[in-house]
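The following exercises are to be worked with the sequence and the coordinates at hand. Each task is followed by a solution in steps.

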Amino acid sequence: MAKVNWSAGIDSVSGALAKPSKSGQHSCEKMLLGTHRVAATQSKDCNRLYIRKKVERSTQPTTKELAVRARFAAVRAMVAERADDLQHISSDQAAFIAQKDTAGGKKTMRAYLWLVCGAEYDTAHSNG
């Protein structure tokens, strides 16, 4: 296995270091992915580098996958609109603070808005 030595000031790297381009712009053909393991271990070599070839999808998206994509896009738009809506800001902030420290409560306002707007979307689009 290869060993990675980082330059001074760089302790670890995690995530995609280079990605293949989707739109045909000049880019690499492979993805370079760096990981850093933070679990307790005897080894000091906790960094790994992987190279992954660009993969083209071989199947069409399923109906369920398309529905999930449509829900995500709709809820994302609802969250953005509600975050800027002056009629909801005060009540949303009060409701967020009330639920924040409860078991299962959302810890950020954005997560809370996703919960509320997701529930609104599910109610409006339920089949029952």
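**Exercise 1: Surroundings of Leu113**

Leu113 is in contact with Val79, Arg82, Ala83, Asp92 and Gly118, once its neighbours within four places in sequence are set aside. The model is a predicted one.

Task: Determine which nonpolar core contains Leu113 and which elements supply that core.

Solution. 
Step 1. Leu113 belongs to the largest nonpolar core, which has eight residues: Val75, Val79, Phe96, Tyr112, Leu113, Val116, Cys117 and Tyr121.
Step 2. Two or more residues of this core come from each of α1 (63-84) and α3 (109-124).
Step 3. The greatest contribution is that of α3, with five residues.
Step 4. Val79, a member of this core, is also among the contacts of Leu113.

**Exercise 2: Asp92**

Solution. 
Step 1. Asp92 lies in helix α2, which spans residues 86-100.
Step 2. Beyond four places in sequence, Asp92 touches Arg82, Met109, Tyr112 and Leu113. Of these, Tyr112 and Leu113 are members of the largest nonpolar core, and Arg82 is also in contact with Leu113.

**Exercise 3: Gln99**

Task: Classify Gln99 as buried or exposed, and find which backbone oxygen its side chain reaches.

Solution. 
Step 1. Gln99 is located in helix α2.
Step 2. Its relative accessible area is 15%; Gln99 is therefore buried.
Step 3. The Gln99 side chain reaches the backbone oxygen of Phe96 at 3.1 Å. Phe96 is one of the residues of the largest nonpolar core.
Step 4. With neighbours within four places in sequence left aside, the contacts of Gln99 are Gly105, Lys106 and Tyr112. Tyr112 is likewise touched by Asp92.

**Exercise 4: The chain as a whole**

Task: State in what order the elements run from the N terminus, and what percentage of the residues count as buried.

Solution. 
Step 1. The chain holds three helices and three strands, in the order β-β-β-α-α-α.
Step 2. Of its 128 residues, 16% count as buried.
Step 3. Among contacts between residues at least 6 apart in sequence, 33% join residues at least 24 apart.

How values were computed: Residues are numbered from 1 along each chain as its sequence is written. This is a predicted model: local features need pLDDT of at least 70, side-chain atom pairs count only at pLDDT 80 or more; totals for chains, interfaces and linings use all residues. Side-chain values use heavy atoms; hydrogens and water are left out. Helices (H or I, at least four residues) and strands (E, at least two) are DSSP runs, numbered from the N terminus. Buried means under 20% relative accessible area, exposed over 50%, partly exposed in between (1.4 Å probe, protein chains only). Contact means heavy atoms within 4.5 Å. A nonpolar core is a set of buried Ala, Val, Leu, Ile, Met, Phe, Trp, Tyr and Cys residues joined through side-chain atoms within 4.5 Å. A polar contact is a pair of N or O atoms within 3.5 Å; within protein, one must be able to donate a hydrogen and the other to accept it, and residues adjacent in sequence count only if both atoms are side-chain atoms.
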